[in-house]
Amino acid sequence: MPRRLAATFVATALTAGPALLLGAVPAHATGSHGPARGTADAVVLRTGLNVGLLHKTLDVPLNAVLNDVHAPASASKTALTVTLDGIDGGKPFRVLRADAATARGTADRHRAEGYANLVRAKVHLPGLPPQLSLIEARQVTAKAVCAAGQRPHAESNVLGPVRVLGKKVTLTAGGTTDVKVPGVGEVRLDLSRKSVTSKSAAATALELKVSLNPLRLNVAEVHGQVTLVRAGCTAPGGTAPGDNGSGGTSGGQTGGQSGGQSGGQSGGSKPAGGGTHVQQTGAKPGTGQNLAETGGSSATPYLAGGAALLVAAGAGAIGYTRRRRGAAPQGGRG
């Protein structure tokens with residue numbers, strides 16, 4: 001009987017222990033499975049300019065961004081102030097002033113949408129007289145939509161008159177307009193550039209290639225690119241082709257841009273290139289995060305502890321059986 005009891009106890013421990021251990025819930029991701037989410041991005045203003053100083057063989061970069069968001073995020077700011085070393089004694093000046101400047105990106109496993117809007121905007125560059133803006137626009141919008149199972153589409157609109165270097169210009173959709181002002185410089189303006197593929201879409205409302213020689217405030221020349229209002233998206237499960245987050249905007253670029261920018265930029269002063277400091281004013285952007293959770297069940301420690309007790313009891317039963325076996329011959333001889 002003792003042997004049978006010990007054998008039964010050992011068998012129970014050896015079978016129940018692993019069963020309890022296997023019953024512990026392993027670590028797992030609680031995020032839902034299925035097709036990859038789409039992506040969306042939007043930006044109200046992006047500048048990539050070099051400002052040449054009059055008395056120095058030096059180019060100072062002017063890289064400013066307003067309301068650059070990547071889904072899920074939104075931003076609403078109306079003013080962008082830049083301080084540029086070597087310009088007007090280091091005094092700050094406003095690159096952009098607008099009544100409203102909004103960028104928004106939404107994305108899930110069914111639909112992705114990027115949207116940007118700018119109302120009554122004026123863009124100013126260093127070296128230009130205070131009363132002379134690079135461009136003035138009443139309203140500019142861009143929108144890109146990518147839905148699962150549907151062909152993406154993108155659109156942009158420029159409503160109302162547009163002035164470039166003080167001149168009222170007539171824009172042609174999808175075309176290029178050249179504006180030249182003697183003694184100031186020239187601007188090449190592209191309207192409504194967009195790119196649509198089977199999985200992605202992007203639209204840029206206004207893109208300006210700038211070459212100015214204002215000869216004012218120690219500024220000899222300003223050259224580079226200014227983008228006003230861009231939106232892009234990729235469909236759920238899709239991949240944006242040819243976009244490595246370079247920070248520029250062109251008709252061939254689609255999808256989200258990494259470029260070191262994320263979730264919209266918060267207000268405050270931070271460097272935006274050598275010699276450039278950017279300060280944005282307005283409401284802080286809202287951002288959303290989707291995080292996967294991992295871990296085991298809360299009952300795991302109890303299950304493991306019970307299994308350990310059973311294994312220990314089984315080991316004790318084995319020891320008891322061996323001692324009984326060792327004592328049996330001596331008892332028989334007595």
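Is Arg46 buried or exposed, and what is its relative accessibility? Arg46 counts as buried because its relative accessibility is 8%, where buried means under 20% relative accessible area and exposed over 50%, with partly exposed in between (1.4 Å probe, protein chains only). This is a predicted model, in which local features need pLDDT of at least 70, side-chain atom pairs count only at pLDDT 80 or more, and totals for chains, interfaces and linings use all residues. Residues are numbered from 1 along each chain as its sequence is written, and side-chain values use heavy atoms, with hydrogens and water left out.

**Around Arg46**
- Arg46 belongs to strand β1, residues 39-53 (strands are DSSP runs of E, at least two residues, numbered from the N terminus).
- Its side chain makes a polar contact of 3.3 Å with the side chain of Asp68 (a pair of N or O atoms within 3.5 Å; within protein, one must be able to donate a hydrogen and the other to accept it, and residues adjacent in sequence count only if both atoms are side-chain atoms).

**Confidence**
- The chain has a mean pLDDT of 74, with 60% of its residues at 70 or more (pLDDT is the predictor's confidence in each residue, from 0 to 100).
- Residues 240-274 stay under 50 in pLDDT, yet the model gives them 91 contacts beyond four places in sequence (contact means heavy atoms within 4.5 Å).
- Residues 283-298 also have pLDDT below 50, and this stretch has 30 contacts beyond near neighbours in sequence.

Notes:
Helix = DSSP H or I, 4+ residues; strand = E, 2+ residues; numbered from the N terminus.
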